[in-house]
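Visitor: I'd like to learn how to read the charged features of a structure. Could you walk me through one?

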Amino acid sequence: MKIKNLLVTTLAVAAGLTLTACQSDKSEGASTSQEGEAVTLNFGAMGSIDTIPFVIAQENGYFEEEGIKVNLELFNAAKDRDAALQAGQLDGVLADETAIAIYQNSDMDMQITGATNGYWTLVATDQSNIHSLEDLKGKKIGISENTMIEYLADDITTLNGIAAEDFEKVAIPAMPARLEALRNNQIDAAILPAPFNETAIADGAVEIETIHNTDIMISVTAFLNSVIEQYPQAIQGFYNAYNKAVDYINSTDISEYEDAVIKTVGYSEETRGNIILPKFKHNYLPDVEKVQKVFDWATAKGLLTKDITAKDVLNNVATK
């Protein structure tokens with residue numbers, strides 16, 4: 001298939017996002033046209049570092065090697081990804097755990113089947129006098145509400161002895177607008193993904209903390225439970241292809257696939273030759289305790305009102 005190579009502007013889930021439609025018992029996405037033909041999985045993601053292995057798996061033909069077809073859709077905004085999922089156009093997504101809580105609360109049984117290796121960076125303006133996490137007290141931090149970005153802001157401040165009332169969260173959902181607010185000193189700090197973090201640092205911002213997905217589960221992959229039950233072997237093949245892509249990325253000079261990285265993440269051409277990727281891991285399930293911590297936060301925020309625990313959404317179909 002032809003991947004939509006979109007110049008990605010990463011936007012977080014809109015504040016107070018509510019998915020009102022329930023998914024039918026069977027997905028409208030995954031399909032087999034006739035017995036013996038390959039299952040087609042429709043997978044949606046934002047253009048980010050986490051997405052690179054999926055793009056490489058597509059471009060290198062690893063999905064076909066596993067006997068499946070994958071329609072990989074890259075979205076400009078999380079709200080567009082969620083709308084496609086709600087409309088039955090997607091079987092699986094790369095999303096954050098706050099989104100999984102919102103899906104579950106809206107009667108869409110999305111099961112976490114894997115985790116990725118992306119990272120976010122807390123950056124501060126050079127005029128903010130922020131040199132460590134403890135310096136966030138009394139400062140303005142740019143966030144998007146009801147998302148993992150807000151969760152991360154709450155988590156890192158709490159861990160460093162800063163009470164919720166001792167710093168100000170400024171809601172700026174659009175990532176470019178948050179970067180611009182940082183540049184104009186309208187906020188003191190922000191949590192940004194690549195390439196926005198690199199841009200901010202190049203403009204003079206200070207890197208305070210890099211938050212890896214191994215420390216706090218930020219991004220996970222998930223499929224509708226109905227799809228998992230109907231096509232378990234296809235889901236396993238999906239992650240086998242992902243693992244092949246991880247092996248390729250980790251053992252191949254980035255120059256061989258740098259075009260795909262630049263297009264997927266939205267790096268500028270000026271960054272060519274200087275892009276550093278994390279060491280990707282084979283697919284794995286996040287720790288139940290880390291997922292539960294996010295669900296507890298989502299419950300306290302009123303995003304998750306149903307009695308759903310992390311154990312209810314973790315599915316080892318591709319890791320057992």
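Guide: Happy to, and let's begin with a lysine. K169 has a relative accessibility of 31%, so it counts as partly exposed; buried would mean under 20% relative accessible area, exposed over 50%, and partly exposed is what lies in between (1.4 Å probe, protein chains only). Before going on, bear in mind that this is a predicted model, in which local features need pLDDT of at least 70, side-chain atom pairs count only at pLDDT 80 or more, and totals for chains, interfaces and linings use all residues. Residues are numbered from 1 along each chain as its sequence is written, and side-chain values use heavy atoms, with hydrogens and water left out.

Visitor: Which residue does K169 meet in a salt bridge?

Guide: The general idea is that side chains of opposite charge can pair when their charged atoms come close. The rule used here asks for a side-chain nitrogen of Lys or Arg within 4 Å of a carboxyl oxygen of Asp or Glu. K169 pairs with D154, at 2.9 Å from N to O. D154 sits in helix α5 (residues 148-159) and K169 in strand β7 (residues 168-171), so this pair ties together parts that are 15 residues apart in sequence. For the labels, helices are DSSP runs of H or I with at least four residues, strands are runs of E with at least two, and both are numbered from the N terminus.

Visitor: Is D154 buried or exposed?

Guide: Buried, with 15% relative accessibility.

Visitor: Which parts of the chain does the salt bridge of D155 link?

Guide: D155 meets K293 at 2.8 Å, N to O. The pair links distant parts of the chain, with D155 in helix α5 and K293 in helix α11 (residues 288-300), 138 residues apart. D155 is buried at 8% relative accessibility, while K293 is partly exposed at 40%.

Visitor: How many salt bridges are there?

Guide: The count comes to 14. One of them joins K290 and D287, at 3.9 Å from N to O. K290 is partly exposed at 26% relative accessibility, and D287 is partly exposed too, at 40%. Elsewhere, salt bridges that share partners join E150, D154, K169 and K301 into one network.

Visitor: Which residues form a negative surface patch?

Guide: For a charged patch, take residues with over 30% relative accessible area and no salt bridge, and join like charges within 9 Å. Asp and Glu count as negative, Lys and Arg as positive, and His and the chain ends are not counted; the place of a charge is NZ of Lys, CZ of Arg, CG of Asp or CD of Glu. Here D109, E229, D307 and D312 form the negative patch. D312 lies in helix α12 (residues 310-313) and is partly exposed, at 44%.

Visitor: How does the protein chain look overall?

Guide: The protein chain has 12 helices and 10 strands. Of its 320 residues, 57% count as buried. Among contacts with a separation of 6 or more, 78% are between residues 24 or more positions apart.

Key. Patches are made of residues with over 30% relative accessible area and no salt bridge: like charges are joined within 9 Å, nonpolar side chains (Val, Leu, Ile, Met, Phe, Trp, Tyr) within 5 Å. Accessible areas come from the Shrake-Rupley method with a 1.4 Å probe; for residues, only the protein chains shown count as cover. Contact means heavy atoms within 4.5 Å.
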